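Here are my notes on this one, in the order I'd go through them at the screen. Have the viewer open while you read.

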Amino acid sequence: MPELPEVETVMRGLAPHLRGRRVIAARLSGKRLRLPWPRDFAARLEGARVEALSRRAKFMLWRLDSGETVISHLGMSGRFTVLPGPGGAQGARALGEFYFHGPAGDQPGPHDHLVLTLDDQTRVIYTDPRRFGFFDLAADAAAHPMLAGLGPEPLGDEFTAAHLARAFHGRRAPVKTALLDQKVVAGLGNIYVCEALFRARVSPRRAAAALAPTGRPTPRLARLVTAIREILREAIRAGGSTISDHARVDGSSGGFQQHFSVYGREGEPCGGCGRPIRRITQSGRGTFYCPRCQR
DNA sequence: CGGGACTCCTGCCAGC
DNA sequence: TGCTGGCAGGAGTCCC
């Protein structure tokens with residue numbers, strides 16, 4: 001699940017608990033995630049204070065006072081859970097029972113891969129059944145190989161119809177595929193691309209190049225930019241979308257899945273024309289759209 | 001080079 | 001009930 005709105009939701013949920021706190025213990029499951037754990041990861045976290053949290057595309061960044069930055073990616077099924085310390089003991093019990101499956105209520109679950117204990121006794125747990133997520137540490141996060149080539153933030157000033165026109169010009173792939181390319185725009189995933197294309201009334205099958213025949217902005221591209229921004233803002237406001245895995249750090253679900261117009265709605269009537277939503281496969285991934293409303 | 005297929009891993013669901 | 005196959009939000013790599 002985790003696309004930009006879900007990562008933003010998790011980051012905003014973690015920030016008040018992590019910011020300004022010192023990590024006093026870091027415990028790892030030892031199981032390999034998408035990438036190997038950074039060398040001496042626990043030791044490099046322990047004793048460090050978290051100065052600031054931010055998000056870039058689908059990556060979460062924790063700047064430490066050691067000069068390093070934790071880079072975290074949720075993959076497909078990663079989630080963070082905060083168990084408040086003594087100050088929030090009530091919440092800790094309620095959540096502990098749910099997320100910690102041991103008899104005492106504080107044993108890590110089978111898919112818990114990182115447990116941080118902070119200097120106020122808050123615990124922060126990273127859980128990831130599919131293990132497509134990862135952690136890394138870097139002195140310069142922006143220069144990290146996974147971040148260096150990213151396109152603009154879709155909610156930032158650099159993401160414009162002019163940018164899309166340049167990125168799409170000469171590109172034969174379908175616009176759906178192009179928007180999933182993190183070098184074109186950073187942070188979109190399958191769900192929000194489907195939803196944004198529907199709102200912009202652009203067919204996911206159309207070649208990207210056909211939307212930018214001259215390499216210059218067009219009204220359609222402007223519509224697409226607006227649709228992407230709107231969808232992302234609405235999804236962030238709703239706390240992201242919970243399909244099966246995403247949760248906020250307090251365990252509650254996001255709500256944007258209630259507002260999907262096409263995603264996961266194959267066969268249901270289109271809200272615009274009433275004809276059935278269609279599902280096709282593009283680059284091996286499901287695409288949902290209305291063949292009538294989207295051209 | 002662009003673009004598609006394949007890969008990592010587990011959970012879940014539909015269908016038999 | 002229990003099995004099997006297909007599918008799932010990401011993104012790097014490998015080929016043509």
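1. What does the domain assignment of chain A give? Keeping in mind that this is a predicted model, the assignment gives domain 1, covering 4-148, and domain 2, covering 161-289. Their C-alpha centres sit 29 Å apart.

2. On to where the two domains touch. Domain 1 puts 17 residues into the contact and domain 2 puts in 19. On the domain 1 side, the elements giving two or more residues are helix H1 (4-18), strand S5 (79-83) and helix H3 (89-99). H1 gives the most, with 8 residues. By class, this side of domain 1 comes out as 9 nonpolar, 4 polar and 4 charged residues.

3. The crossing is right-handed. From H1, the contact uses Leu-4, Pro-5, Glu-8 and Thr-9, while H9 brings Leu-232, Ala-235 and Ile-236. That makes 5 nonpolar, 1 polar and 1 charged residues for the H1 and H9 contact.

4. Last, the DNA. Which residues are around DNA strand B? There's a run of Pro-129, Arg-130, Arg-131 and Phe-132, then Arg-171, Arg-172, Ala-173 and Thr-177, and finally Ser-244, Ser-283 and Gly-284. The surface near DNA strand B divides into 3 nonpolar, 4 polar and 4 charged residues.

Technical notes:
Residues numbered from 1 in each chain as written. Chains lettered and ligands numbered in written order. Predicted model: local features only at pLDDT ≥ 70, side-chain atom pairs only at ≥ 80, totals over all residues. Domains from an automatic or database assignment. Contact = placed C-beta atoms within 7 Å. Helix = DSSP H or I, 4+ residues; strand = E, 2+ residues; numbered from the N terminus. Nonpolar A, V, L, I, M, F, W, Y, C, P; charged D, E, K, R; others polar. Near = placed C-beta within 6 Å. Left-handed = near helix turned anticlockwise from the far one by under 90°.
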